[in-house]
Amino acid sequence: MNTSLRIAIVGAGPGGLTLARILHRHGRAVSVFERERGPLERPQGGTLDLHVESGQLALQQAGLEDAFKRIARYDDQGSRLMDQHGRLLFEHPSPQDGDRPEVDRTQLRQILLDSLPQGCVKWGIGISEIRPMNDGCWTVHQGDTTHGPFDLVVGADGAWSKVRPWLSPYQPQYSGLTFIEFGIDDVDLRYPHIAKLVGRGKLEVEGGAKAIIVQRNANAHLRGYAIFRVPTEWAANHLSLAALKAQFAGWHPDILGLFDAANETVLARHIHALPVGHRWSHRPGLTLIGDAAHLMSPFGGEGVNAAMLDAAELAQHLLHTPDCSAAVQAYENHMFERVIPAAQGSAEGAAIQLSHDSLALSLAHLHQHLTPQ
Ligand SMILES: Cc1cc2nc3c(=O)[nH]c(=O)nc-3n(C[C@H](O)[C@H](O)[C@H](O)COP(=O)(O)OP(=O)(O)OC[C@H]3O[C@@H](n4cnc5c(N)ncnc54)[C@H](O)[C@@H]3O)c2cc1C
């Protein structure tokens, strides 16, 4: 890689920050543009398990294994499955030697931010468009303000990427599923019966083509997702704990008790996806990583892992291939194929997870993946 290459990364999510960190570690300067005004402007969402072969590998290349171990919660890898009547159908206690520890998104973002030089992330700059120049370079724009020029602009700006339209005509499509996010604070002290119900890890309750997933986060916080099929407009008129409870009327009182214990912050996350196998023809000076490239439904638990592996692979190609365009093309050709199984699995998950026989399918999946051989 030409050490004077000017690189802009749009988006300081897990993908963009991992790319910035690996390049910085090898002495390459990058500019990261992030529309949020600071790392704590918005809750970053639920807990994540980073897989050895992708998310953890990327952190290793970023030189952040020790920092990762400090935030990884090895105690919270358990899994429970219940039906809507409160019957426990599957239980896998948290294995002490499991290799998929949970991390909180905010903490993951922080270890990446701490590893970057001051000023690398330019907060409060929401890129409204990018423009080509005559010499093959690109500029990025926030309203009337121009930044650049850059030799390479990497769109790490998630589902509604402003970079993607220059590469692909596709827009994410609504899957029909909405996740309503809720939180329960200080669960061990205030609601010990709920802490026991959820266990050390994740509780999934399914029935009647609906589901509730509750995950244990750091600091005795639980994050829940109530999942069902509604038009996107539903949330605009019905977003409250009472409306949520009404959606699950008739479910076991212990499960409905989750909504009674929840704090007032309720957020709707409409699940969109790009087509499985989404790809584009290479265009010099531009590329995409993470959700911008291959947004998928969260059912496979692969999105963050895929974004971080994209970042690690793109960084390696840039570092070891002198020609920038050749490096980006090599990354793209491999990534397009690599993400297909994950995207396919997520699409299948979205299609069948809340179907009439979702419990049988979930049970089979848990037995296949979590029962000791
Ligand atoms: C409900 C839910 C649960 C999920 N659970 C999991 C899970 O358990 N495991 C898992 O692996 N994945 C999960 N995912 C998916 C995961 O969140 C994403 O795949 C992952 O965050 C993608 O990372 P990214 O860096 O590509 O994009 P993002 O995390 O979306 O980051 C993009 C960044 O770009 C910024 N940005 C956007 N537009 C602009 C702009 N125009 N200018 C400047 N900055 C901009 C955003 O503010 C953001 O900081 C879940 C998703 C959802 C919705």
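**Briefing: fold, burial and salt bridges**

At 52% relative accessibility, Asp 260 counts as exposed (over 50% is exposed, under 20% buried, and partly exposed sits in between, with a 1.4 Å probe and protein chains only). This is a predicted model, so to speak: local features need pLDDT of at least 70, side-chain atom pairs count only at pLDDT 80 or more, and totals for chains, interfaces and linings use all residues. Residues are numbered from 1 along each chain as its sequence is written, and side-chain values use heavy atoms, with hydrogens and water left out.

**Overall build**

- The protein has 14 helices and 17 strands, taken as DSSP runs (H or I of at least four residues for helices, E of at least two for strands) and numbered from the N terminus.
- Its radius of gyration is 21 Å, close to the 21 Å that the globule rule gives for 373 residues, so the protein is as compact as a globular protein of that length; the radius is taken over C-alpha atoms, and the rule is 2.2 Å times the number of residues to the power 0.38.
- Put along its principal axes, the C-alpha trace spans about 65 × 45 × 35 Å.
- Of the 373 residues, 53% are buried.
- Take the contacts (heavy atoms within 4.5 Å) with a separation of 6 or more: 71% of them join residues 24 or more positions apart.

**Surface and charge**

- The accessible surface comes to about 16500 Å², and carbon and sulfur atoms hold 51% of it; the areas come from the Shrake-Rupley method with a 1.4 Å probe.
- On the charge side, there are 32 positive and 40 negative side chains, and the centres of the two sets lie 3 Å apart. Lys and Arg count as positive, Asp and Glu as negative, while His and the chain ends are not counted; each charge is placed at NZ of Lys, CZ of Arg, CG of Asp or CD of Glu.

**Salt bridges**

- You'll find 16 salt bridges in the structure, each being a side-chain nitrogen of Lys or Arg within 4 Å of a carboxyl oxygen of Asp or Glu.
- One of them pairs Asp 188 with Arg 216 at 2.6 Å, N to O. Asp 188 sits in helix H5 (residues 187–190) and Arg 216 in strand E14 (residues 210–216), so this pair ties together parts that are 28 residues apart in sequence. Asp 188 is partly exposed at 38%, whereas Arg 216 is buried at 5%.
- Asp 260 has its own partner: its closest O atom is 2.9 Å from an N atom of Lys 245. Lys 245 is partly exposed, at 30%.
- Arg 279 and Glu 337 meet in a salt bridge at 2.8 Å, N to O. Arg 279 is in the loop between strand E16 (267–273) and strand E17 (286–288), and Glu 337 is in helix H12 (residues 324–338), so the pair ties together parts that are 58 residues apart in sequence. Both ends are partly exposed: Arg 279 at 38% and Glu 337 at 45%.
- Glu 34, Glu 36 and Arg 109 make up one network, joined by salt bridges that share partners.

**A look at Glu 102**

- Glu 102 belongs to strand E6 (residues 102–104) and is buried, with a relative accessible area of 12%.
- Leaving out residues up to four places away in sequence, Glu 102 touches Thr 47, Leu 48, Asp 49, Ile 71, Ala 72, Arg 73 and Asp 76.
- From Glu 102 to Glu 332, it's 230 residues in sequence and 29 Å in space, C-alpha to C-alpha.
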